[in-house]
Structure formats: C-alpha cells, structure tokens
Amino acid sequence: MKKTMTKKKAKNRRSQRGITLVELLVVLAILALISAIVVINVLPARDQAAIDKARIDIGVLETALDQYRLDMLSYPTSQQGLGALSAVPADARNASRYRPGGYLRGGAPLDPWGNPYQYRIPGDRGGAYDLYSFGADGEPGGEGLNADIGNWSEE
C-alpha cells in the first residue's frame, strides 16, 4: 500500500512541474525574433505612407486652389496663404464671389509630420505657385524622408 502512495505522489509532482527557466528563455527569444522581423518590415512602409499622404494632400490643396481661382479670378496671395481656402480673406477684391463654406472643410491640413504646408506665389519652380512640405525634418532641402515634397515633384 505504501508503494502505491509513493508512486502516486511522484506522479503528481511530475504533472505539477511548471515551466523551466530554459523554456521561458526560448519563448522570449522567439518573441524577440518575431518582433524584430515585424519592425524591420513595417517601419519603411510607414515612412512611405507619410510621403504618399503628403502627395495626396498637395493634390487636394491644388484642386481647392484651382476652384478658388475659378471663383475669385486669381489665386490667393502669399500673404493670404492657404487660410484663404477656408475663410474669405479680408483684402479679397472679389469677396462677393467667394464660395459659401469655403474651399476646404476644417482648413488646410498639416503635413504628415505636423507642419503646415508651404504656399508661395508666384512659383519658383515653373508653375503659377509652389505648394510643398519640407518633409520629415521640417527644413528646406534634404534627401529621402527629409526631402521636400511639392507640386513640382515628379514621383
């Protein structure tokens, strides 16, 4: 009888063993490897998405500027800026022609990095106006993610 009790206790101890430190370290190593793979593959996609969003925003702003020009007979001045697309400028010559509600809901968007889009008329790059973002660094010039993105961009 005593032998069966001892075997039973030994069997119970083995079934309640739990996780060893080695098993825990293996699981943590696997999780770290999976995390590294995800980060390596996702971060460049996020950067490209920000650049794509800036290009799309510039296209939307160009459309609003063209609609403004059709109604007001000229583009907003550099001093009026993109704010003229959401509220009639105080110094507008044809204020009676301004579209009720403006040309953009909620005003001009910020670029994906939280900076305002830049607007300059006349444009320096061959167009009627320049409309651009300074990129991730918020400074003129740069390369890659920090490059300026504008209505002159070829990509």
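Visitor: In what order do the elements of the chain run from the N terminus on?

Guide: Helices (H or I, at least four residues) and strands (E, at least two) are DSSP runs, numbered from the N terminus. Here the order is α-α-β-β-β. That comes to two helices and three strands. The model is predicted, so local features need pLDDT of at least 70 and side-chain atom pairs pLDDT 80 or more, while totals for chains, interfaces and linings use all residues. Residues are numbered from 1 along each chain as its sequence is written, and side-chain values use heavy atoms, without hydrogens and water.

Visitor: What percentage of the chain's residues count as buried?

Guide: Buried means under 20% relative accessible area, exposed over 50%, partly exposed in between (1.4 Å probe, protein chains only). Of the 155 residues, 25% count as buried.

Visitor: Is Ser133 buried or exposed?

Guide: Ser133 is buried, because its relative accessible area is 0%. Find Ser133 in strand 2, residues 130-133.

Visitor: Which residues does Ser133 touch?

Guide: Contact means heavy atoms within 4.5 Å. Beyond residues up to four places away in sequence, Ser133 touches Ile58, Asp111, Trp113, Tyr117, Asp148 and Ile149.

Visitor: Which side chain forms a polar contact with that of Ser133?

Guide: A polar contact is a pair of N or O atoms within 3.5 Å; within protein, one must be able to donate a hydrogen and the other to accept it, and residues adjacent in sequence count only if both atoms are side-chain atoms. The partner is the side chain of Asp111, at 2.7 Å.

Visitor: Which residues touch the most other members of the largest nonpolar core?

Guide: A nonpolar core is a set of buried Ala, Val, Leu, Ile, Met, Phe, Trp, Tyr and Cys residues joined through side-chain atoms within 4.5 Å. The largest has 21 residues, and Leu65, Leu82, Leu85 and Leu131 touch the most other members. Helix 2 gives the most to this core, with eight residues. Leu131 has contacts beyond four places in sequence with residues including Ile58, Leu65, Leu82 and Trp152.

Visitor: Where is Asp71, and which residues are in contact with it?

Guide: Asp71 lies in helix 2, residues 21-72. Leaving aside neighbours within four places in sequence, Asp71 is in contact with Arg97, Arg99 and Tyr103.

Visitor: Why does Leu31 count as partly exposed?

Guide: Leu31 is in helix 2. Leu31 counts as partly exposed because its relative accessibility is 49%.
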